[in-house]
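Subject: Structure for you

Hi,

Here is the structure I promised to send over. My notes follow below it.

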Number of protein chains: 2
Amino acid sequence: MAEQQELSSTIEQTADKLEETVLDEEGKPLSKKALKKLEQKREKERAKKERERIELERKAAEAYGSENFGKKPLNQSQERTATKRIRISEINGSRDGEIITIRARVQTSRAKSQIAFFVFRQQFSTVQGVLTVDKDNVSKGFVKFASSIPDESIVDVEGVIIKTKEEIKSTTVTDAELHIKKLYTISETVGRLPFTMDEATRPEDLIQQADTQFNRITLETRLNNRVVDLRTITNQAIFRIQSGVCQLFREFLISKGFIEIHTPKILGAASEGGASVFSVKYFKTEAFLAQSPQFYKQMCICSDFDRVFEIAPVFRAENANTHRHMTEFVGLDLEMAFEEHYHEVLEVLDELFVFIFQGLKTKFAAEIETVKRQHKAPDFEFLPKTLRLEYKDAVKLLREKGVEIGDYDDLSTETERILGQLVKEKYNTDFYMLDKFPLEVRPFYTMPDPNNDKYSNSYDFFMRGEEILSGAQRIHDAAFLEERAKVHNIDPQTIQGYIDAFKRGAPPHAGGGIGLERVVMLYLNLGNIRRSSLFPRDPKRLEP
Amino acid sequence: MAEQQELSSTIEQTADKLEETVLDEEGKPLSKKALKKLEQKREKERAKKERERIELERKAAEAYGSENFGKKPLNQSQERTATKRIRISEINGSRDGEIITIRARVQTSRAKSQIAFFVFRQQFSTVQGVLTVDKDNVSKGFVKFASSIPDESIVDVEGVIIKTKEEIKSTTVTDAELHIKKLYTISETVGRLPFTMDEATRPEDLIQQADTQFNRITLETRLNNRVVDLRTITNQAIFRIQSGVCQLFREFLISKGFIEIHTPKILGAASEGGASVFSVKYFKTEAFLAQSPQFYKQMCICSDFDRVFEIAPVFRAENANTHRHMTEFVGLDLEMAFEEHYHEVLEVLDELFVFIFQGLKTKFAAEIETVKRQHKAPDFEFLPKTLRLEYKDAVKLLREKGVEIGDYDDLSTETERILGQLVKEKYNTDFYMLDKFPLEVRPFYTMPDPNNDKYSNSYDFFMRGEEILSGAQRIHDAAFLEERAKVHNIDPQTIQGYIDAFKRGAPPHAGGGIGLERVVMLYLNLGNIRRSSLFPRDPKRLEP
């Protein structure tokens, strides 16, 4: 209001000046020539003043209702007005006429002089906002301010919900828009954004077309600007699904009598022989980062916890630069005492995965659909009772297809992929268990098969032809464990604490470790594990 | 059976030999003298044979029913008999006469010649087992074998549930015992145990009595033999409660729209100025272990996840050897965008803790009682609406009690303890929030108080006078954050990725980090944080 009053008085002063009498410097009236010249000069001045006046009036016109917009001071929790803000997802045509407030990002804006259009976003939801000049509240200044707000800034918007006649296709709210009455910035973006949300959410298949006008935003660019990249609806969905996998994993296991454990990640000795282990400076000594909670979850079994699980980071110092390796990932680990046969554990694992897949399908259907819009993928197929294939039968299948593989050879990534295809063709499932691996390709603590010690009581699980779980019955006898360590050239003294645990009496037990990011990547067919990790770590990436 | 038949035939042969005729070496009958001598010799031999016969008969007697006991071969999952095993907790007098099988540890055993008594244990549950010689199935050999099984071995027991007339006070099953019919060892302990379960479970107050005959098992001994120590009912309870805290934490937050995140623990730069950070050899460069997920959970807020939590290890390279510090612990972290005031977050945290405490009280009542039997403690008191005390008022309270403290000084451990007592006396709660800490004693990213920049929008929570949560409203403006970093002598370049996140627009937000082991230690009044960590890590301990 103060600004408006000031403008009015300036206009009055300008008008006064136009009324003054004309004399020369000595006080006499001017000659005709001089007068003409003066008049020309005056005319120019008058025109200039007029332009100024118009400009000032325009500014005055723009500036009314200035309390309805602007930049809010930095929120330091100055006050609680208890203004109720609703979610964009709650906006719809049936609420026509309601005045509401939302806090949202400005995804995009475009303006003409009298009107501006916005897309406001919260996570998955978007709504169209319209700002039109009117006589009382919305000045041109307001429109100018609003349309100059940088994309991705956070704003508070007060507006009226208006039911639209035609369907709005560009936003998730399709039958209503928000007619803006007030608009304040809460946090403004600084500098140029690395990419827009539209670019970052564009379907992969559209980009891959030969005649496309779209540039691909590389994964590298995305990861370098991860904070912006994670805002895409696709990423919002991926990490909700990731969170969901953890919830489902725990829900199932707790219902089966498991308890959650937390085991140390800094170890005094490099476990499992010392390969692929990161070393840590630990005060005046050296320590190592755990490659898995293997030894500790087994020690918990020796301590009678009976059934345990852990969700925790796992560290691997492998210089592997592939689509499915990271140096740090999240392990979903479990270990379980059984009564007679490790297949008791396989049955629990079978039920667990079916529970997770079923849970994702029902509880995260919308998120899965969202991801699919960007990353097209066939539905993930699984059986109500998971296929359990023996290693020797898998070898047979592969040989029938002409793959050369020895009886006791390990599977290569490529062979795993082919096997996945063969299984899919034969059994129509993207998920299966491969049981009875050759003993030699498994860790020293793996229990040999009782009937043929070339094989072992160990298994891997696969999703879309890639390994996501590795597990086995473990040796629970100290003397035998020591013997097997030696065969693997591991000095038992370096793992004495672990071996000694079994001297205190240990039940037969089995378990497994699941790679969380692999499960999410393969379930959604994302093609690269970095897409299912918030801030991935690989041999070349430690930032952000 | 084969062994028994062999014994019988040996006895028959011995009897035959006693019937032979007596001649000398030339075939004549012997002289009287010689005969007497011979008879003496024969008498001796007869006596000897008789002893042998008795011994053999005894062995035969011992050995019948040998199929009912023995050492089972190493379980390599040879077979599935589908024998149903029940839990000890399912045994009671009403099942009198039922034949059942259990797998359990032999906690203790004592034997006379004809009878042996056992205590069998599964986690929290114990039952008395009785083995009595009978004519058909239980030989003396069985009793001898059974009573020689080392304590803590794992056995399969088949027996009849017998309702007892008198209450059994030494086991958790009080109205029934198990009359053993079959007993096999599944895994036998090797060597001397460091302590018995009885010793390890003895109530602390009993040990502390001046005239006690009991030696204390030091925490050091317990931790060195953690696998055995964790089998005590007290530890079984403590870690179920720890698991419970995590479940309740997640259950509440998920119901409030939070999602679970997993942020990297290996960082490219030492965050928060570089003090107390472990360094890691990362291929050809140096990396650091995360002291907290602080920066990453905030970056998730900048990425519109809105409400996030994480349960993960936290690493602190502090050479602190106290009852409440570890170099690795489990952080329960959360971060939340708010609309107007960080007290919105404090309200969520308030509800969260009340939910956890209430949940422990109702769902873990038995476990809490179990722990109390060993570690006596007054009940943990909390209010339905948590007390929120301002720092300046806490200073006032302390000064009234004669504690010298400056307006903007931090609290020492001792001052915290005294304040806890004062609060307990005045408000009858073991849990409260301390709000509005002096700005100077808080991290650089803490939002200053809007009215007095000597204070800040930050808080600690306390249980029984010790800090268990630290949190604050965070600065969400990049320029201001950079300015504050400089004040704290942190080079903004070292945390550029973090600062840049706020240039992309960030909502006002606040959060906190909770130490899981501290919550458990203080809730149960365990006196040392190592008691609430499965395998604790401190500057002097990296094993087991």
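Chain A holds 16 helices and 17 strands. Those are DSSP runs, numbered from the N terminus: helices are H or I with at least four residues, strands E with at least two. Chain A is more spread out than a compact globule, because its radius of gyration is 35 Å, well over the 24 Å that the globule rule gives for 544 residues. That radius is taken over C-alpha atoms, and the rule is 2.2 Å times the number of residues to the power 0.38. The C-alpha atoms of chain A fill a box of roughly 125 × 60 × 45 Å along the principal axes.

A caution: this is a predicted model, where local features need pLDDT of at least 70 and side-chain atom pairs pLDDT 80 or more, while totals for chains, interfaces and linings use all residues. Residues are numbered from 1 along each chain as written, chains are lettered from A and ligands numbered from 1 in written order, and side-chain values use heavy atoms, leaving out hydrogens and water.

Buried residues (under 20% relative accessible area, 1.4 Å probe, protein chains only) make up 55% of its 544 residues.

Best wishes

Methods. Buried means under 20% relative accessible area, exposed over 50%, partly exposed in between (1.4 Å probe, protein chains only).
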